[in-house]
Amino acid sequence: MAGIGVSPLARAEHFVWLTARVLEQRRFAYHFLGGGADQVETALTAYLGEDGGFGHALEPDLRGPVSQPLHTAHALRVLESIGRCGGTRVERICRYLTEVSAKDGALPAVHPSQRGYPAAPFVPVLDDPPSELLATGPVVGLLHRNEVWHAWLFRATDFCWAAVESLRTSHPYEIQAAVAFLDGVPDRSRAQAAADRLGRLAREQGLVVLDPAGRDGVPVAPGYAPGEHHFAYDYARVPDSLARGWFTDEEMARSLDFLAAEQQEDGGWPLRWRAWAPGSALEARPLVTIEALLTLRAYGREID
């Protein structure tokens, strides 16, 4: 499939049919082959728990049947991508978020119910976990962007503002979560000011590789896997993200060139984080592949 004249999209399609779960197959068909939203939502429903959250390793690094905030955030992103982020389905999700929130009204990265089931070693399971911007920011930003109003959002939004505006040191995934919050929150002038400061922080603290050709000389964040670097496109997944203003046109172009060149011989994109189990790595690569294709297409890069 990787022969001369075979498009990146065709190579990725072969990879998806070969390796992906049904959900990612349906998502790929929706985004790139004219497939339907109903089929995506039906596949997603297989991960829905009786408590209104999502589980069953929807996010591959947390295994087992129990609902988790990270799984549920993933489900919300899928629903948003197919235009289904509203109505009773999201009301149920918000009730679940209320039930699993910490005392301050925001989300922990991992709820204690995960204990006893396999999980990545870099995702600790605590008995009384604190709220984290990493888990809360993307959910709050997405719900605001889709004009979802629920009582859970009030305290969670306040938590995110306080967390974002108090950041002085951070790491790439937390900065990505902050961007996801700022890209959706209604107060756009406040969001722009916060994003400007975070962009300076990310550059000054070396949290983004501005020249992929020199990435081997850039240290990764503490606890990250060797080579687990982050690039301009990781922060600005779409051109209208506030994080796009952090980078020059040349810097963004270099990062997109690098992303396009990262497609592997089998048609998929690689994982940059630590692969801790064969099954989780196999399930995650189609997710990364779909995300790479969507990013390249959002910036007008040729994929088909």
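Student: Are α1 and α2 roughly parallel or roughly antiparallel to each other?
Tutor: In this predicted model, helix α1 (residues 8-19) packs against helix α2 (residues 22-32) at an angle of about 155 degrees. Angles over 145 degrees count as roughly antiparallel. The relation of α1 to α2 is therefore roughly antiparallel.

Student: How far apart are the axes of α1 and α2, and what is the handedness of the crossing?
Tutor: The two axes lie 9 Å apart. Where α1 passes α2, the crossing is left-handed.

Student: Which residues in α1 meet α2, and how many residues of the contact are nonpolar?
Tutor: From α1 come Leu9, Ala12, Glu13, Val16 and Trp17, which meet Glu24, Gln25, Phe28 and Phe32 in α2. By class, the contact has 2 charged residues and 1 polar residue, and the nonpolar ones come to 6.

Student: How many disulfides does the model have?
Tutor: A pair of cysteine sulfur atoms has to lie within 2.5 Å to count. For Cys85, the closest cysteine sulfur is in Cys94, 8.4 Å away, so the two are too far apart for a bond. For Cys160, the closest cysteine sulfur is also in Cys94, at 13 Å, again too far for a bond. The count of disulfides is 0.

Student: Is Cys85 buried or exposed, and what about Cys160?
Tutor: Buried means under 20% relative accessible area. Cys85 has 7% relative accessibility, so Cys85 counts as buried. Cys160 has 0%, so Cys160 too counts as buried.

Student: Where is Leu107, and is Leu107 buried or exposed?
Tutor: Leu107 is in the loop between α5 (87-100) and α6 (133-145). Its relative accessible area is 0%, so Leu107 is buried.

Student: Which residues is Leu107 in contact with, leaving aside neighbours within four places in sequence?
Tutor: The contacts of Leu107 include Leu97 and Val100, and residues 87-100 make up α5. Ala135, Thr136 and Val139 are also among them, and α6 covers 133-145.

Student: What distance separates the C-alpha atoms of Leu107 and Arg188?
Tutor: Along the chain, Leu107 and Arg188 are 81 residues apart. Their C-alpha atoms are separated by 23 Å.

Student: Is Arg244 buried or exposed, and which residues does Arg244 touch beyond four places in sequence?
Tutor: Arg244 is placed in the loop between α10 (232-235) and α11 (249-261). With a relative accessibility of 18%, Arg244 counts as buried. Not counting residues up to four places away in sequence, Arg244 touches Ala236, Pro239, Asp249, Met252 and Tyr299.

Note on methods
Residues are numbered from 1 along each chain as its sequence is written. This is a predicted model: local features need pLDDT of at least 70, side-chain atom pairs count only at pLDDT 80 or more; totals for chains, interfaces and linings use all residues. Side-chain values use heavy atoms; hydrogens and water are left out. Buried means under 20% relative accessible area, exposed over 50%, partly exposed in between (1.4 Å probe, protein chains only). Axes are lines fitted to C-alpha atoms, for helices over the stretch in contact, and angles run from 0 to 180 degrees between N-to-C directions. Helices (H or I, at least four residues) and strands (E, at least two) are DSSP runs, numbered from the N terminus. Angles under 35 degrees count as roughly parallel, over 145 as roughly antiparallel, 65 to 115 as roughly perpendicular and the rest as oblique. A crossing is left-handed if the near helix is turned anticlockwise from the far one by less than a right angle, and right-handed if clockwise. Contact means heavy atoms within 4.5 Å. Ala, Val, Leu, Ile, Met, Phe, Trp, Tyr, Cys and Pro count as nonpolar, Asp, Glu, Lys and Arg as charged, and the others, Gly among them, as polar.
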